[in-house]
Amino acid sequence: MYCPKCGTPNADTALRCVSCGNTLQPLQTFPMTGQTTQHVPNYLVQAILTTLFCCLPFGIVAIVYAAQVNSKLTAGNYAGAVEASNKAKTWCWVSFGVGLGVGLIYLLIFIGGGLSHLSNM
Amino acid sequence: MKTAETRKATRLFETTGLLLLISSSAVFLYLIDPAKSMRGFQCPFYALSGFYCSGCGSLRSLHQLLHGNLGAAMALNPLMVLSLPFLGYAYVSFVLFGLTGRSLPEIFIKPFWIWTLLGIIVAFGILRNIPLYPFSWLAP
């Protein structure tokens, strides 16, 4: 079983995560149906938005993790889905941040160009 | 602990913020044609590699769409135009969630469709770089 907090694989009988010490609840106590109905956001929309408008391959990485969320949910791997969901979220922010950074640099160049144009008049 | 009231306030704040972001971007893209006014500001991916990525032309395409030129918008980035209904659905779902706490059912739940979507986006990014007739139509 995977630790829902940090994603580290643990023995199915483990009571605490070997990596972060998080208290673990044995998966067997949850029926399969209970796991799949729990909502895990896949950030697919955000991933597609950053892929199309931030023009960066990082968005593709986010879509891969978004797809993994639903693949793992279908397989009943709730902890794995949470892990993929967090990664999808992270890569969406990376893609958005880089896109925003480039936009701001362009804005500064634009303003700088405008100012030098004014001073040349 | 977050109370139900603060959660509702956060949702309303996010919904209003997104609406402001979308409407200000729409006004900006209506007034400014990226094909003319933003010539010196190339996408860093295109400037570095010389290849069109899947998102290339999406701002120019949105400008054409805001002026009602569906054909010109499709010519610049068909994938972006075709994804708009889905993005619109996601937006309506987000707004409904912000106002009522309930959202519309998700469309992309089956992993197969998400992987297919990924395949389409990647294939589109590759095919639009081929300078031959049927594929050159995909280039911006």
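Which residue forms a salt bridge with B:Asp33? B:Lys36 does, with the closest N and O atoms 3.8 Å apart. A salt bridge here is a side-chain nitrogen of Lys or Arg within 4 Å of a carboxyl oxygen of Asp or Glu. B:Asp33 is buried at 12% relative accessible area, while B:Lys36 is exposed at 66% (buried is under 20%, exposed over 50%, partly exposed in between, with a 1.4 Å probe and protein chains only).

This is a predicted model, where local features need pLDDT of at least 70, side-chain atom pairs count only at pLDDT 80 or more, and totals for chains, interfaces and linings use all residues. Residues are numbered from 1 along each chain as its sequence is written, chains are lettered from A and ligands numbered from 1 in the order written, and side-chain values use heavy atoms, leaving out hydrogens and water.

Over all chains the salt bridge count is 2. Hop over to chain A and you'll find A:Lys87 bridging to A:Glu83, closest N and O atoms 3.7 Å apart. Both lie in helix α4 (residues 78-120) of chain A, 4 residues apart, about one turn of the helix. A:Lys87 is partly exposed at 34%, and A:Glu83 is partly exposed at 23%.

Back in chain B, helix α1 (residues 4-31) holds B:Thr15, which counts as buried at 8% relative accessibility. (Helices are DSSP runs of H or I, at least four residues, numbered from the N terminus.) B:Thr15 touches B:Phe94, B:Val95 and B:Gly98, leaving aside residues up to four places away in sequence; contact means heavy atoms within 4.5 Å.

Conventions: Helices (H or I, at least four residues) and strands (E, at least two) are DSSP runs, numbered from the N terminus.
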